[in-house]
Amino acid sequence: MNMSFSLPASVQVVEVGPRDGLQNEPQPVPLDVKVQLIDRLSAAGFGHIEAAAFVSPKWVPQMAGSADVLARIRRRAGTVYSALVPNLKGMEAALAAGVDEVVVFSAASEAFAQKNINCSIAESIERFRPVAQAARDAGIRLRGSISVALGCPYQGEVRPAAVAEVAQRMADLGCDSIDIADTIGVGTPGAVQAVFEATARVFPLSRQAGHFHDTYGQALANVYAALQLGVANFHSSVAGLGGCPYARGASGNVATEDLLYLLHGLGIDTGVDLHAVVQAGDFICRAIGRPNNSRAGRALLAKWAQGDAA
Ligand code: HMG
Ligand code: MG
């Protein structure tokens, strides 16, 4: 067969379930459950886990115990434990907690920036300047996340050029990597490729990530479309947990189990043990009493329940 593109040989999967997955849970998730989840994910082999968010507890109550979470987890050597920080106050808390990477987050639409971080895109970038300086001073990595890159619940359509403009501002801040986020999961493969083609003009694709929510069931197709362009970093959430508190109706990230099943099926190395992730997904769903939204997770659990260990 003559393929006109080649897929990356390896991909980094960033597990965002402990942050993006749990931030939207209506009931408080006990500290011990959050810690156990992260410890199980670390043991599964992830090289990067988004573990927490140092945001205002009035805005996102579920992330209030982030310092305790980071204090109690067993850190796996070589794994990056990152956290969201919206401002210098969050940055100070993140540094005190010993995170390896901080994530500043803005949006490709003014309306979403106002709803999520209570300021304009330009104001958010000004707010991030001292955060970026503090990250450099502390020698930790800085990541920039661009929400609603494929569509906005308030504004509607978002132009790829608008995403590239924010990517340029994040590049100027000194971000080591940039996430292209489909917050409400409305993107389709052609639109995803158009956005990455636009952002690739201002920032290397090798340091960009796809962060796809799965509201419309397009996330895996979107991953494949991004892989074809050479994107080799994707975010996912164990058991498909999550949603954004400021994007009503949006569902969780692509389920990690489904993403791993796709990547491993394509012969792409991730370094992550799918079976251990399925068990972590089963653990968190039972612990917080919610359904498992991973198709691969449910399929493997059903198979194991029938006594088939393969
Ligand atoms: P504000 O109300 O404009 O901030 O919120 P403020 O500076 O006026 O402060 C108000 C109060 O919050 C003060 O307390 C501050 O001390 C406190 P008070 O004096 O009233 O007692 N405060 C903080 N407390 C703890 N940590 C902090 C912090 N900052 C202020 N860091 C702010 C502005 C940005 C703080 C707020 O809007 C906020 O925290 N937003 C975060 C919203 C959020 O976390 N959203 C979900 C994560 S983003 C996401 O899910 C998208 C992503 O997954 C990608 C995608 O899918 O799109 C990343
Ligand atoms: Mg998200």
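**Close-up views: pocket, cavity and a helix pair**

By class, 19 nonpolar, 13 polar and seven charged residues line the largest pocket. The model is predicted: local features need pLDDT of at least 70, side-chain atom pairs count only at pLDDT 80 or more, and totals for chains, interfaces and linings use all residues. Residues are numbered from 1 along each chain as its sequence is written.

**View 1. The largest pocket.** Its volume is about 640 Å³. Of its 39 lining residues, Val55, Val60, Leu84, Pro86 and Phe105 are the closest to its centre. Elements that each supply at least two lining residues include α1 (17–21), β2 (48–53), α4 (88–96) and β4 (101–107). On a 1 Å grid over the protein atoms alone, a pocket is an open set of points with protein on both sides within 12 Å along at least five of seven lines; a cavity is a set where a 1.4 Å probe fits but cannot get out; lining residues have an atom within 4 Å of a point. Helices (H or I, at least four residues) and strands (E, at least two) are DSSP runs.

**View 2. The largest cavity.** This cavity has a volume of about 40 Å³. Among its lining residues are Pro18, Lys34, Ile38 and Met63. Two or more lining residues come from each of α2 (31–43), β2 and α3 (66–72).

**View 3. Helices α2 and α11 (residues 274–288).** Their axes come within 9 Å and cross at roughly 170°. The pair is therefore roughly antiparallel (angles over 145 degrees). In α2, Val33, Gln36, Leu37, Arg40 and Leu41 meet Gln279, Ala280, Phe283, Ile284, Ala287 and Ile288 in α11 (heavy atoms within 4.5 Å).

Key: Chains are lettered from A and ligands numbered from 1 in the order in which they are written. Side-chain values use heavy atoms; hydrogens and water are left out. Grid points are joined across faces, edges and corners, and a volume is the space filled by probe spheres set on the points. Ala, Val, Leu, Ile, Met, Phe, Trp, Tyr, Cys and Pro count as nonpolar, Asp, Glu, Lys and Arg as charged, and the others, Gly among them, as polar. Axes are lines fitted to C-alpha atoms, for helices over the stretch in contact, and angles run from 0 to 180 degrees between N-to-C directions. Angles under 35 degrees count as roughly parallel, over 145 as roughly antiparallel, 65 to 115 as roughly perpendicular and the rest as oblique.
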